[in-house]
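The structure is shown first, and the explanation follows.

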Amino acid sequence: MEGRLINPSSSLPDAKLSSVADSSVLQICGGYPLQGHVKISGAKNSALVIMAGALLCSGDCHIRNVPLLADVERMGQVLSALGVRLQRNGDLLDINASEITSSKAPYELVTQLRASFFAIGPILARLGVAQMPLPGGCAIGARPVDLHVRGLQAMGAEVQIEHGICNAYVPGKSRRLKGAKIYLDIPSVGATETLMMAATLAEGETIIENAAREPEVVDLANFCIAMGAKIQGAGTSTITIDGVPKLHSTEYSIIPDRIEAGTFLVAGAITRSELLLSPVAPDHLVPVISKLREIGVSVVQETPNCLRVLKSERLIAADIETMPHPGFPTDMQAPFMALLAIAEGDSLINETVFENRLRHASELNRLGADIRVKGNTAFVRGVPLLSGAPVIGTDLRAAAALVVAGLAADGKTTIQGLRYLDRGYDRLDLKLQELGAKIQRLPGSEVKTEIAPSSINPLVNS
């Protein structure tokens, strides 16, 4: 259907997106080994920003390997509100932004999806004016947009933030941004992507120093290059963009999701199972694979785009510190906490990227884990076995960690908070079912659970 995206709610495809995710639960009977091959979907964080990047093109963009996610649905709604035409067929998404009829993104959508704010760069580059509400998303800590704003100001934009709305315009007759030299105080992925997109149509050369190096930044750069942009250095700390007057139509395929792949590697490890994963980009998973091997999990590269995780006899404690790429990814911290909860010995996890991203520790403790939190550090003492219990996913990756833990727990685990899970995992429950997991999505009304406040758990100190 033109202007609409397919509803991604996995086991209940005919239900309303938000109401299904809010009211349904996942029920897992743990302790069963997994077996088989899992197909890794396109990268969520690439898909969202590439959809925003399609605003730079005045023609058609055909984007392949687009995952079926709630966040993709919301980004599509944001683009539709701007006048963009979208049509989806399987994993192919056709986007036509030849006419952007509005420079104002809808408040109710942007506040639900942080990535939609990144569209301010392409809108400003195309129209010379943009109005964007400040973003929302998972409550995992402050993620300010000051780096985006300062970069756009360096490129000649006038930017004001009032009443939660970011208003930006380019003064002068041409309404065209100017190339600039921009230094980012921190290697922010969002700021790097926003400014890189804006610079593709700017007049002159833009240099972004201390740029983010994540694979998704490189994917966006390659997409823009496929449209005729002149970008060098993506994947390094210095990106150079020579602005061009116009970008053209293209067909592009999104990279595999390294976080989904990492989550399935952990699922194989925690259930002592052997799984085959493809397509993957092993170079994007180096820190994850390295840490799994340190814990005692064997991961073998079968082909250039295929990995096999082998059954592990013994899991050993290890320390983790999250870092920007190429360091250990913050998005894998929660699933690894679930794995280390049953590893032999004491592990220390230090979260350096987001200050509020250890809330899943209290939920893992409901399952019998022994985790203490102090500030942004979690102390994990391995236990022999987890036990099923009702739990709540507090953000996207926390929900995934609880699924992973539930697969290994003895008994039944019931997980609420699926609106987070569906934001970032393409039909995770169905993929796990195909691997032999005893997991099903049920209406919340069919499952009676009472979950006491996690703050009373004596194992967690906030």
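Leu147 counts as buried because its relative accessibility is 7%, where buried means under 20% relative accessible area, exposed means over 50% and partly exposed lies in between, as computed with a 1.4 Å probe on protein chains only. This is a predicted model, in which local features need pLDDT of at least 70 and side-chain atom pairs count only at pLDDT 80 or more, while totals for chains, interfaces and linings use all residues. Residues are numbered from 1 along each chain as its sequence is written, and side-chain values use heavy atoms, with hydrogens and water left out.

Leu147 belongs to helix H6 (residues 146-154); helices (H or I, at least four residues) and strands (E, at least two) are DSSP runs, numbered from the N terminus. Leaving out residues up to four places away in sequence, Leu147 touches Leu184, Asp185, Ile186, Ser188, Ala191 and Leu195, contact being defined as heavy atoms within 4.5 Å. Leu147 is also one of the positions that an unreviewed UniProt entry annotates as "binding site", together with Arg114, Arg143, Pro144, Val145, Asp146, Asp331 and Val353. UniProt positions are given in the numbering used here, feature names are shortened, and annotations may be inferred rather than shown by experiment. Of these positions, Arg114 is placed in the loop between helix H4 (107-110) and H5, and Arg114 is buried, with a relative accessible area of 14%.

The unreviewed UniProt entry also lists Lys44 and Asn45 under "binding site". Lys44 is in helix H2 (residues 44-53), and Asn45 lies in helix H2 as well. How do the two compare in accessibility, buried or partly exposed? Lys44 counts as buried because its relative accessibility is 7%, whereas Asn45, at 29% relative accessibility, counts as partly exposed. The side chains of Lys44 and Asn45 make a polar contact at 3.0 Å, a term that stands for a pair of N or O atoms within 3.5 Å, of which, within protein, one must be able to donate a hydrogen and the other to accept it, with residues adjacent in sequence counted only if both atoms are side-chain atoms. Beyond residues up to four places away in sequence, Lys44 touches Pro67, Leu69, Asp71, Asp257, Leu396, Arg397, Arg423 and Gly424. With neighbours within four places in sequence left aside, Asn45 is in contact with Glu216 and Asp331, and Asp331 is itself among the "binding site" positions that the UniProt annotation covers.

Five bridges join S7 to the antiparallel strand S8 (residues 165-169), and Ile161 has Cys166 in S8 as its bridge partner.

The backbone also holds some exceptions. Most residues other than glycine have a negative phi, and most peptide bonds are trans. The peptide bond from Ser278 to Pro279 is cis, with omega near -10°, and the bond from His325 to Pro326 is likewise cis, with omega near 15°. Asn65, although not a glycine, has a positive phi of about 65°; Asn65 lies in the loop between strand S3 (60-64) and helix H3 (70-81). Arg175 has a positive phi of about 55°, and is found in the loop between S8 and strand S9 (181-183).

Finally, a search of the whole structure finds two aromatic pairs, for which rings of Phe, Tyr and Trp (its six-membered ring) must have centres within 6.5 Å, with planes under 30 degrees apart counted as stacked, over 60 as edge-to-face and the rest as tilted. The rings of Phe223 and Tyr252 have centres 5.6 Å apart and planes at 65°, so the pair is edge-to-face. Because Phe223 lies in helix H8 (residues 215-226) and Tyr252 in strand S13 (residues 250-253), the pair ties together parts that are 29 residues apart in sequence. Phe328 and Phe336 form an edge-to-face pair, 5.0 Å centre to centre with 90° between the planes.

How values were computed: Pairing = 2+ DSSP bridges.
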